[in-house]
Amino acid sequence: MDLLEDIQNAAADSSSDVSTLLRKCKILAARLDKQRLEDWLIWESDGYPKDVPVPEYRIWRLQVKGNFLGAYSSQSHAPVPTALLPKRT
């Protein structure tokens with residue numbers, strides 16, 4: 001079985017290991033001399049560099065909540081306004 005068929009079969013198999021599948025794709029990208037695909041595979045595995053825009057499917061919208069205790073009251077799971085969060089560095 002050739003590499004491409006192996007990748008296709010593994011992608012269709014729900015029990016396949018994703019990291020193994022990505023490594024096989026990296027081998028295929030190297031054999032085809034497709035640097036852009038190889039870069040994407042590395043970034044998907046190891047994280048995106050700061051100078052490369054992160055794809056939309058990698059951005060999660062989250063709401064930060066906290067538990068607050070004061071002298072006269074407390075709040076559990078209260079939303080924290082994003083303006084109060086530190087800026088990314």
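**A close look at H2 and H3**

Analyst: H2 passes H3 in a left-handed crossing (the near helix is turned anticlockwise from the far one by less than a right angle). This is a predicted model, with local features needing pLDDT of at least 70, side-chain atom pairs counting only at pLDDT 80 or more, and totals for chains, interfaces and linings using all residues. Residues are numbered from 1 along each chain as its sequence is written, and side-chain values use heavy atoms, leaving out hydrogens and water.

From H2, the contact (heavy atoms within 4.5 Å) takes in Leu22, Cys25, Lys26, Ala29 and Ala30, while H3 brings Leu37, Glu38, Leu41, Ile42 and Ser45. The helices are DSSP runs of H or I, at least four residues, numbered from the N terminus: H2 covers residues 18-32 and H3 residues 35-46. Their axes (lines fitted to C-alpha atoms over the stretch in contact, with angles from 0 to 180 degrees between N-to-C directions) come within 8 Å and cross at roughly 160°. H2 and H3 are therefore roughly antiparallel, the word for angles over 145 degrees.

Glu38 of H3 and Lys26 of H2, 12 residues apart, meet in a salt bridge at 4.0 Å, N to O (a side-chain nitrogen of Lys or Arg within 4 Å of a carboxyl oxygen of Asp or Glu). Glu38 is buried at 17% relative accessibility (under 20% is buried, over 50% exposed, partly exposed in between, with a 1.4 Å probe and protein chains only), whereas Lys26 is partly exposed at 32%.

Methods
Helix = DSSP H or I, 4+ residues; strand = E, 2+ residues; numbered from the N terminus. Parallel < 35°, antiparallel > 145°, perpendicular 65-115°, else oblique.
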